[in-house]
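I set out to record what can be looked up in this structure, entry by entry. The sequence and the model come first.

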Amino acid sequence: MSTLAASVIRAARERGLSLGTAESCTGGLIAAALTDVPGSSSVVLGGVVSYAVAVKEALLEVPPEVIDEHGVVSEEVARAMARGARAGLRADLVIATTGVAGPGPSGDDPEGRVCFALTGAEGTLSVTVDFGALGRAEVRRRATDYALDMLLAALQP
């Protein structure tokens, strides 16, 4: 169990806020880290692993034109994923990821590029991080930790 994930769960519980995830390149690792924490069911509502573009569009209601204009690895798509999951899950805070875990690049996007978005009642924050060509498992691990850090920062009073 991640102590970072445990801190997120504790902070969400203390603030009375629910959590959700919308994951692409992390493939459910954020949700897994959160739900590894005993008692997480009191704050984690669920998550969507939207690996395929069709799933992003159908389940998370990411507009196809956003994907066409900005590419699937973009802050715009991450923001749309987070908003769609928040609406569907009715969660207070949702973290979303889309990126290239590797190996190798995907189109113009290099291995290790991950776009994050966090959305809640106060709005949506997004950021792109280039972790580098560290290998698939390491990119996914670092992206998961980064997402948990974003959640924890948002839950601070």
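What volume does the largest pocket have? I noted first that the model is predicted. I then read off a volume of about 290 Å³ for the largest pocket.

**Entry: pocket lining**

I looked up which residues surround this space. The largest pocket is lined by 14 residues. Nearest its centre lie Leu 93, Gly 120, Ala 121, Glu 122 and Ala 154. I sorted the lining by class and found 6 nonpolar, 4 polar and 4 charged residues. As for secondary structure, strand E4 (113-120) and strand E5 (123-130) each supply at least two residues of this lining.

**Entry: the sheet**

I next followed the strands. In what order do the strands of the open sheet lie? The sheet has 5 strands in the order E2-E1-E3-E4-E5, and their pairing is mixed. I identified the edge strands as E2 (44-49) and E5, each of which pairs on one side only. From one strand to the next, the twist averages 15°.

**Entry: E4 and its partners**

I examined both pairings of E4. With strand E3 (residues 93-99), E4 pairs in the antiparallel sense over 6 bridges. With E5, E4 is joined by 8 bridges, and these two strands also run antiparallel. E4 and E5 form a hairpin, with 2 residues between them.

I then checked individual positions. Ala 96 stands opposite Ala 117 in E4, and the bridge partner of Thr 97 is Phe 116 in E4. Ala 117 in turn has Ser 126 in E5 as a bridge partner. I kept one general point beside these pairs: in a regular strand the side chains alternate between the two faces of the sheet.

Is E4 largely enclosed or largely open? I found that 7 of the 8 residues of E4 are buried, so E4 is largely enclosed by the rest of the structure.

Is Ala 91 buried or exposed? Its relative accessibility is 2%, under the 20% limit, and therefore Ala 91 counts as buried. Arg 90 has a relative accessibility of 70%, over the 50% limit, so Arg 90 counts as exposed.

I listed the contacts of Ala 91, not counting residues up to four places away in sequence: Ala 91 touches Ser 18, Leu 19, Gly 20, Leu 45 and Arg 86. I also took a distance from Ala 91 to Asp 108. The two are 17 residues apart in sequence, and their C-alpha atoms are 33 Å apart in space.

**Entry: backbone geometry**

Arg 90 has a positive phi of about 60° although it is not a glycine. Glu 61, also a residue other than glycine, has a positive phi near 60°. I placed Glu 61 in the loop between helix H3 (53-59) and helix H4 (64-70). At 64% relative accessibility, Glu 61 counts as exposed.

Which residues does a cis peptide bond join? I found this bond between Gly 102 and Pro 103, with omega at about 5°. Pro 103 lies in the loop between E3 and E4.

Notes
Residues are numbered from 1 along each chain as its sequence is written. This is a predicted model: local features need pLDDT of at least 70, side-chain atom pairs count only at pLDDT 80 or more; totals for chains, interfaces and linings use all residues. Side-chain values use heavy atoms; hydrogens and water are left out. On a 1 Å grid over the protein atoms alone, a cavity is a set of points where a 1.4 Å probe fits but cannot get out, and a pocket is an open set with protein on both sides within 12 Å along at least five of seven lines; lining residues have an atom within 4 Å of a point. Grid points are joined across faces, edges and corners, and a volume is the space filled by probe spheres set on the points. Helices (H or I, at least four residues) and strands (E, at least two) are DSSP runs, numbered from the N terminus. Ala, Val, Leu, Ile, Met, Phe, Trp, Tyr, Cys and Pro count as nonpolar, Asp, Glu, Lys and Arg as charged, and the others, Gly among them, as polar. Two strands pair if DSSP finds at least two bridges between them. Axes are lines fitted to C-alpha atoms, for helices over the stretch in contact, and angles run from 0 to 180 degrees between N-to-C directions. Buried means under 20% relative accessible area, exposed over 50%, partly exposed in between (1.4 Å probe, protein chains only). Contact means heavy atoms within 4.5 Å.
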